[in-house]
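Hi,

Here is the structure I promised to pass on.

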Amino acid sequence: MALSRGCLSCVKYLMFIFNLIFWLGGCGLFGVGVWLSFTQADFASLPFYFPSISAASLLLVAGGVTMVTGFLGCLGALKEQRCLLLTFFTILLLLVLTEVTLTIVLHVYREQLDRKAQDELKEGMKEYKHNEGLKGSWDNVQKMLKCCGVSNKTDWHPVLNSTLPPSCCRGDADPCLDGWDEACYQKAKDWLVKNNKPVLVFVICIGIVQVLALGFSLLMYCQILRAEKYLD
């Protein structure tokens with residue numbers, strides 16, 4: 001019984017440490033999401049499909065869920081309650097399965113999703129002349145990234161009668177007839193990849209911690225169940 005109790009204590013503290021790391025990781029993801037939201041605040045009127053906006057939203061959701069799950073795991077480890085551990089294990093398993101499924105779907109259907117996102121952004125461009133918030137967001141994007149249009153600068157031709165927004169040209173030329181050649185959608189994606197490689201490494205590390213936390217929570221649950229049976 002002493003040996004069993006010693007194993008339970010060891011697993012308990014290991015699980016607490018891993019869940020503390022997990023919780024801190026969630027705080028990190030949430031913090032990056034908040035930072036990205038503030039840095040992209042000028043793009044707020046663009047559709048959700050714009051890469052930087054969707055990335056910020058996903059990080060906020062993922063960080064929030066990770067923080068709650070990590071806290072639940074820490075509490076379950078300290079209290080040694082099977083109910084909390086089972087709840088934690090179930091939520092974390094669903095989270096891991098969702099992450100794996102989402103990763104596979106995004107990889108398999110990335111071209112279709114890119115096309116849909118670009119179509120939605122082009123549709124939203126039609127409101128450029130009538131929506132001041134959208135106009136400001138597009139102008140900020142094009143100035144910051146030195147780009148023009150969603151897939152190319154001709155996306156503006158149907159909207160502005162074969163001309164371009166002043167923000168498409170160097171120095172805000174008005175009228176702008178020959179703007180930047182780079183497309184904003186691809187340039188935004190490239191910007192995200194370039195600036196968020198540490199975040200991707202961080203996410204992979206969190207994934208490893210998730211798998212370890214699953215194993216420790218299941219092991220601790222079995223240890224508590226065995227100890228309760230021995231006491232009975």
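Below is what I found, going from the whole chain down to single residues.

Some housekeeping before the details. This is a predicted model, so keep in mind that local features need pLDDT of at least 70 and side-chain atom pairs count only at pLDDT 80 or more, while totals for chains, interfaces and linings use all residues. Residues are numbered from 1 along each chain as its sequence is written, and side-chain values use heavy atoms, with hydrogens and water left out.

**Overall picture**

The chain has 7 helices and 0 strands, where helices (H or I, at least four residues) and strands (E, at least two) are DSSP runs numbered from the N terminus. Of its 232 residues, 38% are buried; buried means under 20% relative accessible area, exposed means over 50%, and partly exposed is in between (1.4 Å probe, protein chains only). Taking contacts between residues at least 6 apart in sequence, 71% join residues at least 24 apart, with contact meaning heavy atoms within 4.5 Å. The accessible surface comes to about 13100 Å², and carbon and sulfur atoms supply 67% of that. Those areas come from the Shrake-Rupley method with a 1.4 Å probe, and for residues only the protein chains shown count as cover.

**A nonpolar patch**

V100, L102, I104, V105, L106, V108, Y109 and L113 make up a nonpolar patch on the surface, with about 680 Å² of accessible area together. The patch rule takes residues with over 30% relative accessible area and no salt bridge, joining nonpolar side chains (Val, Leu, Ile, Met, Phe, Trp, Tyr) within 5 Å and like charges within 9 Å. Helix α3 (residues 82–108) gives the most to this patch, with 6 residues.

**Salt bridges**

I get 7 salt bridges, counting a side-chain nitrogen of Lys or Arg within 4 Å of a carboxyl oxygen of Asp or Glu. Take a look at D114 and K189, whose side chains meet at 2.9 Å, N to O. D114 lies in helix α4 (residues 110–124) and K189 in helix α6, so this pair ties together parts that are 75 residues apart in sequence. Both ends are partly exposed: D114 has 21% relative accessibility and K189 has 26%.

Then there is E120 with K116, a salt bridge at 3.6 Å, N to O. These two both sit in helix α4, 4 residues apart, or about one turn of the helix. E120 is partly exposed at 32% relative accessibility, and K116 is partly exposed too, at 42%. K126 and E123 form another salt bridge at 3.2 Å, N to O, with E123 partly exposed at 46%. Finally, K153, D178 and D181 are linked in a network of salt bridges.

**D155**

Is D155 buried or exposed? At 13% relative accessibility, D155 counts as buried. D155 belongs to the loop between α5 (132–145) and α6 (184–195). Leaving aside residues up to four places away in sequence, D155 touches K122, M125, G149 and V150.

Cheers
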